Amino acid sequence: MIDTKNLRSQIEKIDTLPTIPSTLRKLLSVIEDPKVSLSDIGSFISNDPVLTSRVIKVVNSPIYGFPGRISSVNQALILLGLNVVKGMLLGVSVFEAMKKTMEGLWEHSIGCAVTSKIIGTKKGLADIEELSVAGILHDIGKVAMGLKFLDEYKGLIKKAIDKNVLLIDLEKELFFVTHSETGAWIGQRWNFPKSLIEILEYHHKPQLSKNYAIQTAVVHLADILVRAKGFGFAGDYLIPTINPIAWQRVGLSKDELKEVIAEMEDSLAESGEFNLEDD
Amino acid sequence: MAKVAIANVKTGMKLLKPVINDSGMVMLGEGTILTDQMINKLNNMNISFVYVEGSQAKTKSKEALINEINERFQKSGTNEQMVLLHKLMIEHIEETYK
């Protein structure tokens, strides 16, 4: 049984765990600073060749959709803007941790990013890149719980598979909170944009989102579509049920949903081999 | 578009993305129709897959794909929207295989 009183402070301190890669720790100290500028971030990335190559890889991937068009970090920063770059850096830095927590979570996350982008584009939403970032990071609470309580969390995943139940229900049983809450805690601690924190917190309860209702509904739906397709792995083999209010807020017609399913096919095929393992 | 492992590449498949070697040189251009000779060459290069025309779905049989989807949906909760999603996903596969 885990002491839930201390859970939040333990989760908030995961950046001090010895298992956290040093790049991620350094990155957090940079992005936690609310006054950080694009040029601070630019020089931070440029000083790290591994990070530089990952950033270039990601911005040219189907997640952001500038295929082969971005060749420098500065160009990426100007095109994407501060908030998106912060989220993207976090995404590429939690890559190893994701692989360690759950084989397939990285694929699930980029699948969700790509699908959020497809839906957002179809509905003509603004700030599509921020939706992509939310897609990559929506399950960061799972990474945090996995990093802090590796054995317990692996046990939950095994139980979810054996008993054919949703991982989120088992999280609630053991921790009294789910990856939605832990993700939002981390988002607050690390100064994520408000929109991102709200999406993390409510992607399983999209009806509760007030300020970013449509964006939260899009990521909720994308998460479900990616699982329905069987792309990647998010901790169990079930599909969470579509929330009817979120469904209404996104407002996809039957034909539009069918187009989304078809467009996912190509984009997921492309992102299937998209991996940040350094060559 | 389908991503196909070199072992499963067949004569007559059309490349949708160029094949590029380790030094960044384009070996086979986009739109190339693969011949036996080219496939032999690919086998000798350090390349694990190519992108060809067709659907990703076709790397598995239609029945296997439909079964997988049915199984996932049967285990999961349901409502009006889930029924629609399930139906459209099956339709998508049926149409892909026409």
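**Figure 1. A:F176 in a loop of chain A.** At 51% relative accessibility, A:F176 counts as exposed, because the cut-off for exposed is over 50%. The model shown here and in the other figures is predicted. A:F176 sits in the loop that joins α11 (167-175) to α12 of chain A. The residue is not a glycine, yet its phi is positive, at about 65°. Most residues other than glycine have a negative phi.

**Figure 2. A:N191 in the loop between α12 and α13 of chain A.** A:N191 also has a positive phi, near 60°, and is a residue other than glycine. With a relative accessible area of 34%, A:N191 is partly exposed. The value falls between the limits of 20% and 50%, which is why the residue is placed in this class.

Figure 3. A:S180 belongs to helix α12, which covers residues 179-189 of chain A. Its relative accessibility is 3%, so A:S180 counts as buried; the limit for this class is under 20%.

**Figure 4. The packing of helices α13 and α14 in chain A.** Helix α13 spans residues 194-202 and helix α14 spans residues 213-229. Their axes are 9 Å apart, and the two helices pack at an angle of about 45°. α13(A) and α14(A) are therefore oblique to each other. The crossing of this pair is right-handed. On the side of α13(A), the residues in the contact are A:E198, A:I199 and A:Y202. They meet A:Q215, A:T216 and A:V219 of α14(A). Sorted by class, the contact of α13(A) with α14(A) holds three nonpolar, two polar and one charged residues.

**Figure 5. The packing of helices α5 and α8 in chain A.** Helix α5 is made of residues 73-93, and helix α8 of residues 128-137. The two axes come within 9 Å and cross at roughly 20°. Because angles under 35 degrees count as roughly parallel, α5(A) is roughly parallel to α8(A). The crossing of α5(A) and α8(A) is left-handed. From α5(A), the contact takes in A:L80, A:N83, A:V84, A:G87, A:M88, A:L90 and A:G91. From α8(A), the contact takes in A:E129, A:E130, A:V133, A:I136 and A:L137. By class, the residues in the contact of α5(A) with α8(A) are seven nonpolar, three polar and two charged.

**Figure 6. B:L16 and its contacts in chain B.** B:L16 is found in the loop between β1 (2-5) and β2 (19-20) of chain B. Its relative accessible area is 29%, so B:L16 is partly exposed. B:L16 and B:Y51 are 35 residues apart in sequence, but their C-alpha atoms are 5.5 Å apart in space. B:Y51 is one of the residues in contact with B:L16 when neighbours within four places in sequence are left aside.

Methods
Residues numbered from 1 in each chain as written. Chains lettered and ligands numbered in written order. Predicted model: local features only at pLDDT ≥ 70, side-chain atom pairs only at ≥ 80, totals over all residues. Heavy atoms only, no water. Axes fitted to C-alpha atoms, helices over the stretch in contact; angles between N-to-C directions. Helix = DSSP H or I, 4+ residues; strand = E, 2+ residues; numbered from the N terminus. Parallel < 35°, antiparallel > 145°, perpendicular 65-115°, else oblique. Left-handed = near helix turned anticlockwise from the far one by under 90°. Contact = heavy atoms within 4.5 Å. Nonpolar A, V, L, I, M, F, W, Y, C, P; charged D, E, K, R; others polar. Buried < 20%, exposed > 50% of the residue type's maximum accessible area, 1.4 Å probe, protein only.
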